[in-house]
Every structure is written in C-alpha cells, then in structure tokens.
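Please open the structure in a viewer and keep the selection tool at hand.

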Amino acid sequence: MVLVEEGGRVIWQEALPPPGGVVVDATAAGDAARAAFAVAILEGLSSEECLRRAAAAGAIAVSGVGAVPSIPSRGEVKKLLQGPRPWAAMEIVKEWWAASTRQKGSSRRARKSKGFRFACRLNSMRSRGGGTLEMLKRQGQQCRGVTDVLLNYPQHLEGLREEEVSRALGEAGLRAGAVCTRFPPDKFALGAFTNPDEAVRGEAVELAGRACQFAQSLGAPDLIVWPQTDGFNYNLQVDYVEVWERQVDCYRRLSDLCGRFGVRVSLEFKPTDPLARYSAVPSTGAALLLAQEVDRENFGLTLDFGHLVMAGENPGQSIAAAARSGKLFGIQLGDGPSRLGAEDGLVFGSANPRASLEAVLWLRRAGFDGTFYFDTFPGPEAEDPVRECETNIREFRRLWAQAGRLEGRGLKELQRGHDALGVLDLLDREL
C-alpha cells in the first residue's frame with residue numbers, strides 16, 4: 001500500500017504474512033484493510049500505524065473463507081501486530097520528501113543500510129563546533145551508515161524555522177527519526193508532569209505539544225519524552241499517589257494533542273538522575289503500568305539499554321515485555337558497567353556483550369521497525385564521534401547476525417526446556 005500525504009510525503013507499507021502463512025481466500029481483504037485504516041485515522045493514530053493496521057487486517061482476511069466471516073476484530077489485528085513475525089515483512093516504512101531540495105539531498109547521499117535505520121547522538125558532533133544545522137551536515141556527510149537523526153526540543157531547534165531544518169535534513173540525506181523533549185531544569189526543577197504547581201504542569205504539556213508540531217513538520221513519527229526531573233530525592237518528600245496521578249493526566253493530555261498531529265508519544269524512563277535520584281517511573285514494569293493507565297494507542301515506551309542496566313533489569317526481558325504489550329515504540333542502545341546511578345554511555349555491546357546480544361535477539365523477535373539510536377557518550381567527548389558512531393553500527397550488525405544464527409541453530413527449542421547448559425554450548429559453538 002502507498003499513502004501520499006499533503007506536502008508530498010510518501011509512505012510505503014509492505015504486505016504482512018497471513019496467520020498460518022497461507023492465503024485461503026482474498027475476498028474482502030481490501031474492504032478489511034480500508035475499514036481498519038479508517039478506524040485508525042478516526043482514533044488519531046499516525047499514518048504509519050494506520051497503514052500497519054490496514055495491512056494486518058488484510059492479512060487476517062485472506063486467511064479465512066468468505067467475506068463477512070473473514071473480517072477481523074480489533075483484538076485479532078493487535079495480536080498479529082504484537083506477535084513474532086519475520087523481520088523482512090516488517091520493513092514497512094520508506095519515506096521520501098517531495099520538495100526538490102530534499103530530493104537532491106537524499107538522492108545524493110541516501111543511506112539505506114540494508115533496511116536498518118540508524119541514528120547516532122547529534123550532540124557528540126558538538127565537540128567539532130557549529131550549531132544544529134552544521135552538526136546535521138557533518139553527521140550526514142561523515143558518519144557512514146547513519147540514516148536518521150533524533151533532535152532535541154527546544155535545545156536543537158530553538159530559533160530555527162521548520163523549513164530550515166527540513167532543508168538541512170534533505171541536504172544531509174537524513175530523516176528525522178524522532179523529536180525528543182527536553183524540559184529546562186531551571187523552570188522544571190520540581191518536575192515537569194509531576195510538578196506540584198498545576199500551571200507549571202500545563203506549561204510542560206504545552207512545551208511538549210510544540211515539540212509534537214515540530215515533529216509533524218519534519219515527518220518524524222515519534223515524540224520521545226525524557227522527564228529528567230520527574231521524581232524526588234528524599235523519603236517523605238512527595239505523595240506518591242498524587243505524583244502518579246499527575247503524570248497519568250499529563251500524558252493523556254499530551255497523547256491526545258499529539259494524536260491530532262499523527263505523532264506518537266514515547267516515554268524514555270530513567271530510574272535515577274542527579275536531578276531526581278528516585279524517578280517517578282523507575283522501571284519497565286512501572287512504565288508499562290503507566291501506559292496501561294494512560295490508555296492511549298499512541299502512547300508507548302522508548303527503552304534505553306543503559307537505563308535498563310542502571311535499573312538492575314535484564315534488557316532482553318524488558319524488551320520482550322514491552323513488545324508483548326504492543327508498547328515498544330523506540331530503542332536506544334549504549335552500554336556501561338552495572339553501577340547504581342551511573343550511565344556510562346559506552347559503545348553498545350562493549351561492557352555487557354551477552355546482555356546486548358539477547359537484547360538484539362528480542363528486537364528481532366519483536367519485529368522492531370523503528371530507528372536504532374545509539375545513545376553513547378564516553379568520557380568528556382574524548383573519542384572521535386564519527387568513529388564511535390560507525391563502531392556502534394558495526395557492533396549492532398555483528399550482534400544482529402549472531403542472533404540470527406542462534407535462532408537458526410535451535411535456540412528456541414533450548415529455551416523451551418530452560419536448558420541453560422545447552423544454550424551455553426550453543427553460544428560456544430556458534431560464536
């Protein structure tokens with residue numbers, strides 16, 4: 001399926017495999033797809049998500065006989081999209097911008113990376129000087145394999161016009177993978193969405209809403225929210241129930257606002273930070289509970305490998321849980337020793353190689369189709385940011401290939417029997 005939006009943005013959605021892998025009867029497949037697409041539009045979902053649901057509904061329809069009997073339910077569509085599926089079938093989104101300046105940039109330096117979309121930390125380019133537009137140009141020209149960029153709002157975008165940033169992205173051959181909200185700590189020292197002052201919470205929602213508008217204008221599918229100051233430092237400092245209810249309300253309001261722009265809201269939780277030693281959302285489990293209470297289709301999670309390690313979690317298990325719930329919207333990859341309160345931002349796979357391998361394995365199984373963002377920042381900007389970016393991409397590709405080999409050599413069967421020694425033998429043989 002192909003969707004052409006106002007402004008010339010084109011989105012391709014490849015067919016999904018039908019349940020059972022067999023086409024039984026194609027009757028009403030188009031009707032089912034169009035109906036699912038229409039419902040998703042009315043619910044305010046992003047264009048990409050509307051197409052995914054349409055493809056899922058069509059795939060289910062062809063797996064049964066007849067017209068009306070083969071029309072799927074909402075639950076069946078969600079189940080197909082949440083279940084394990086071949087990665088190739090989920091390479092669904094390819095985008096072009098029609099404006100001539102963008103076309104010239106992408107045709108000159110497009111980076112397809114064999115179906116993957118990669119982004120590296122833009123601020124790492126700051127050590128070489130220049131503002132946002134100069135950093136975009138440098139990252140696009142120098143970092144081999146990079147296809148996307150994540151932009152912070154307001155820090156990266158303040159004072160810039162949307163058309164300036166769009167033109168710079170096109171000339172660099174990059175796509176906006178997401179816009180990330182950064183709440184200024186001076187104004188939001190007591191929290192953004194958990195602030196005790198209702199007016200300040202309203203300002204936080206408004207700031208994030210403006211970021212959503214910027215995301216829409218750049219064609220970015222997601223707004224990533226990192227609520228750095230939403231938390232507390234002392235026992236007895238806050239009423240936990242009030243804090244929880246405030247953030248539920250704010251995320252609902254923000255999700256409804258962003259839904260009108262076709263943008264998803266993705267929470268990037270961090271268990272602890274110098275500005276809030278105890279986070280209001282300290283774990284993947286808490287984040288999934290929050291998503292359940294927010295109860296919006298366009299609200300989900302961006303999981304950061306380094307944050308999961310900080311929280312004492314097993315990253316692969318956390319990814320599996322978020323994917324099973326249909327809430328894995330984004331992934332950020334890095335590494336570091338598992339020390340409480342420390343996020344080292346080392347090259348992905350360098351400190352926890354097997355946990356990194358398992359995380360990639362579950363990203364494969366989940367059919368994750370978003371941007372793989374490398375949130376690495378070792379030392380005081382000591383390493384060459386271009387070499388660091390390319391090393392991350394190379395390490396990810398190596399782990400992806402290893403995970404594929406393990407899947408093809410019987411890993412799933414060993415896991416069904418909880419055969420730890422068998423898994424270790426397999427690792428020794430294959431890796």
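Begin by selecting Arg-365 and Trp-362: Arg-365 lies over the face of Trp-362, at 4.8 Å from the ring centre. A charge is taken to sit over a ring if NZ of Lys or CZ of Arg is within 6 Å of the ring centre and within 35 degrees of the ring normal. The model is predicted, and local features need pLDDT of at least 70, side-chain atom pairs count only at pLDDT 80 or more, while totals for chains, interfaces and linings use all residues. Residues are numbered from 1 along each chain as its sequence is written, and side-chain values use heavy atoms, with hydrogens and water left out.

Next, select Arg-264 and Phe-329. The charged end of Arg-264 sits over the ring of Phe-329, 4.0 Å from the ring centre.

**Aromatic pairs**

A pair of aromatic rings is described by the distance of the centres and the angle of the planes. Rings of Phe, Tyr and Trp (its six-membered ring) pair if their centres lie within 6.5 Å; planes under 30 degrees apart count as stacked, over 60 as edge-to-face and the rest as tilted. How many aromatic pairs does a search of the whole structure find? The search finds 20.

Select Phe-116 and Phe-396, an edge-to-face pair with 5.6 Å centre to centre and 90° between the planes. Phe-116 lies in the loop between helix 4 (100-109) and strand 4 (118-120), and Phe-396 in helix 13 (residues 385-408), so the pair ties together parts that are 280 residues apart in sequence. Here helices (H or I, at least four residues) and strands (E, at least two) are DSSP runs, numbered from the N terminus. Phe-116 and Phe-396 are both buried; buried means under 20% relative accessible area, exposed over 50%, and partly exposed in between (1.4 Å probe, protein chains only).

Move on to Phe-305 and Phe-348, which form an edge-to-face pair at 5.4 Å centre to centre, with 85° between the planes. This pair links distant parts of the chain: Phe-305 is in helix 10 (residues 305-310) and Phe-348 in the loop between strand 12 (328-333) and helix 12 (353-366), 43 residues apart. Phe-305 counts as buried at 1% relative accessibility, and Phe-348 counts as buried at 0%.

Now extend the selection to Phe-116, Phe-118, Phe-368, Phe-372, Phe-374, Phe-396 and Trp-400, which form one aromatic cluster.

**Disulfides**

A disulfide is a covalent bond between the sulfur atoms of two cysteines. In this model, a disulfide is a pair of cysteine sulfur atoms within 2.5 Å, and by this rule the count comes to 2.

Select Cys-120 and Cys-389, whose sulfur atoms are 2.2 Å apart in a disulfide. Why is this disulfide right-handed? The torsion about the S-S bond of Cys-120 and Cys-389 is about 80°, so the disulfide is right-handed. Cys-120 lies in strand 4 and Cys-389 in helix 13, so the pair ties together parts that are 269 residues apart in sequence. Both cysteines, Cys-120 and Cys-389, are buried.

Then select Cys-212 and Cys-258, joined by a disulfide with an S to S distance of 1.7 Å. The link of Cys-212 and Cys-258 is right-handed, with 90° about the S-S bond. Cys-212 is in helix 7 (residues 198-218) and Cys-258 in helix 8 (residues 240-259), 46 residues apart, and the pair links distant parts of the chain.

Finally, select Cys-143. Cys-143 is in no disulfide, and the nearest cysteine sulfur, that of Cys-389, is 4.2 Å away.
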